[in-house]
Amino acid sequence: MRSDAQLLSRIADQDRGAFRLLFERHSDRIYRFALTLTRNPHLAEEVLQETMMTVWKAAGRFKGRSKVTTWLLGIAKNQARNLFRKEERGRRLPEMPDRHGDASGKIEMSVHVERALDTLPEGQREVLHFVFYENLSVRETAELLGLPEGTVKSRMYHARKNLAKELA
Amino acid sequence: MMPCEQIREWLPWYVTGSIDLATAERIAQHLRDCETCRSEFVETAQLRHRFAAAITEAPSPGSRAWRQLGLRLGGAETVNIDLGSFLIGLRIGVAAHDRRTPVRGDLRIWGRNVRIIGRKKGA
């Protein structure tokens, strides 16, 4: 099986087969991160589209200094920021799918977490996602966010305290 | 010995295992002796489980997202034949875009693609 880095090298030569493989491997990951950030499925899809278009155009810029996953999440983060700037996020209400009628306890639990996430600032949702979902280390998270490691730890501390309070 | 405040800041990474061994050992030792931090460790583990489960529940963008992307790239690829290995091979792709069906062919030599059919990259 070809590694992600090998796929990127072929994408740099405009290989659509390699691009499709990379998309299949990482589209859910990018979409879920975008959803955590934007809290809006339409915007999350837009972030995914723009992220993958950037990968198509700039695959040759990947130098292997980080994991491909981290590189992709970094692009997605920047694309989400660009969208926020365009969309004046303050005026938009979250449009998460209504799953309240579902009898499944698992779905019910997700709905509680989604509601809690809506109340947290973007920076706290972002750090929760990187640490609790992507299992990134302090160093990797700090690099992705462009923050000192101490700031990452303290932001994560406040993020989980706020999330726990909302879920209580 | 690490103070409780420092231990608590490290707990999310201790829970996910994304931490160096020496720090993990210091935290484990602290948790054995400190009931308050132990209780916070359990809370953090539960919180991480709920968060990760909720994110995993999010619906996937699926094939629709790929189709849209294909159109932006200049047509959805309908046929893609790839023969040979990563180093040497031949790849032919046929796309559908409006009324056109562009065909592209690349010869792969030592892992590099050389366009032999269709427009060259950037042309």
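This is a predicted model: local features need pLDDT of at least 70, side-chain atom pairs count only at pLDDT 80 or more; totals for chains, interfaces and linings use all residues.
Visitor: What makes up the secondary structure of chain A, and in what order do the elements run?

Guide: The secondary structure of chain A comes to eight helices and zero strands, and from the N terminus on the elements therefore read α-α-α-α-α-α-α-α.

Visitor: How do you know that the span of helix α4 of chain A agrees with what a helix should give?

Guide: Helix α4 of chain A covers residues 68-87, which is 20 residues, and at 1.5 Å a residue it should span 28 Å. The expected span is 1.5 Å times one less than the number of residues, and because the end C-alpha atoms of α4(A) are 28 Å apart, the two values agree.

Visitor: Which residues of α4(A) are buried, and what do they pack against?

Guide: The buried residues of α4(A) include Val68(A), Trp71(A), Leu72(A), Leu73(A) and Ala76(A), and Lys77(A), Gln79(A) and Ala80(A) are buried as well. The buried residues of this helix pack against α1 (4-11), α2 (16-38), α3 (41-58) and α7 (138-145) of chain A.

Visitor: Why is Gln14(A) called buried?

Guide: A residue is buried if 20 or more other C-beta atoms lie within 10 Å of its own, and Gln14(A) has 20 other C-beta atoms within 10 Å, so Gln14(A) counts as buried. Gln14(A) is found in the loop between α1 and α2 of chain A, and its phi is near 65°, a positive value in a residue other than glycine.

Visitor: What makes Arg139(A) and Ser3(A) count as exposed?

Guide: The cut-off for exposed is 12 or fewer. Arg139(A), whose place is in helix α7 of chain A, has 12 other C-beta atoms within 10 Å, so Arg139(A) is exposed. Ser3(A), found in the segment before α1 of chain A, has 9 C-beta neighbours inside 10 Å, and therefore counts as exposed too.

Visitor: How far apart in space are Ser3(A) and Leu22(A), and Arg139(A) and Gly150(A)?

Guide: Ser3(A) and Leu22(A) are 19 residues apart in sequence and 9.4 Å apart in space, C-alpha to C-alpha, while Arg139(A) and Gly150(A) are eleven residues apart in sequence and 9.9 Å apart in space, again C-alpha to C-alpha.

Visitor: Which residues have the most contacts inside the largest nonpolar core?

Guide: The largest nonpolar core has 56 residues, and those with the most contacts inside it are Ile11(A), Ala34(A), Leu48(A), Ala76(A), Val131(A) and Phe51(B). The helix α2(A) gives the most to this core, with ten residues. Not counting residues up to four places away in sequence, Ile11(A) touches Ala18(A), Phe19(A), Leu22(A), Val55(A), Trp56(A) and Ala59(A). In soluble globular proteins, nonpolar side chains tend to be buried together.

Visitor: How many residues does each chain bring to the contact between chain A and chain B?

Guide: The contact takes 43 residues from chain A and 36 residues from chain B. On the side of chain A that touches chain B, the largest share, nine residues, comes from α2(A), and by class this side has 21 nonpolar, eleven polar and eleven charged residues.

Visitor: What is the domain assignment of chain A, and how many residues of the domains are in contact?

Guide: The assignment gives domain 1 (1-96) and domain 2 (102-168), and ten residues of domain 1 are in contact with ten residues of domain 2. On the side of domain 1 that touches domain 2, α4(A) gives the most, with four residues.

Visitor: What confidence does the predictor give to chain B and to the complex?

Guide: The mean pLDDT of chain B is 81, and 80% of its residues reach 70 or more. For the complex, the predictor gives an ipTM of 0.84 and a pTM of 0.77.

Definitions and conventions. Residues are numbered from 1 along each chain as its sequence is written. Chains are lettered from A and ligands numbered from 1 in the order in which they are written. Helices (H or I, at least four residues) and strands (E, at least two) are DSSP runs, numbered from the N terminus. Two residues are in contact if their C-beta atoms, placed from the backbone, lie within 7 Å. Ala, Val, Leu, Ile, Met, Phe, Trp, Tyr, Cys and Pro count as nonpolar, Asp, Glu, Lys and Arg as charged, and the others, Gly among them, as polar. A nonpolar core is a set of buried Ala, Val, Leu, Ile, Met, Phe, Trp, Tyr and Cys residues joined through C-beta atoms within 7 Å. pLDDT is the predictor's confidence in each residue, from 0 to 100. Domain bounds come from an automatic or database domain assignment.
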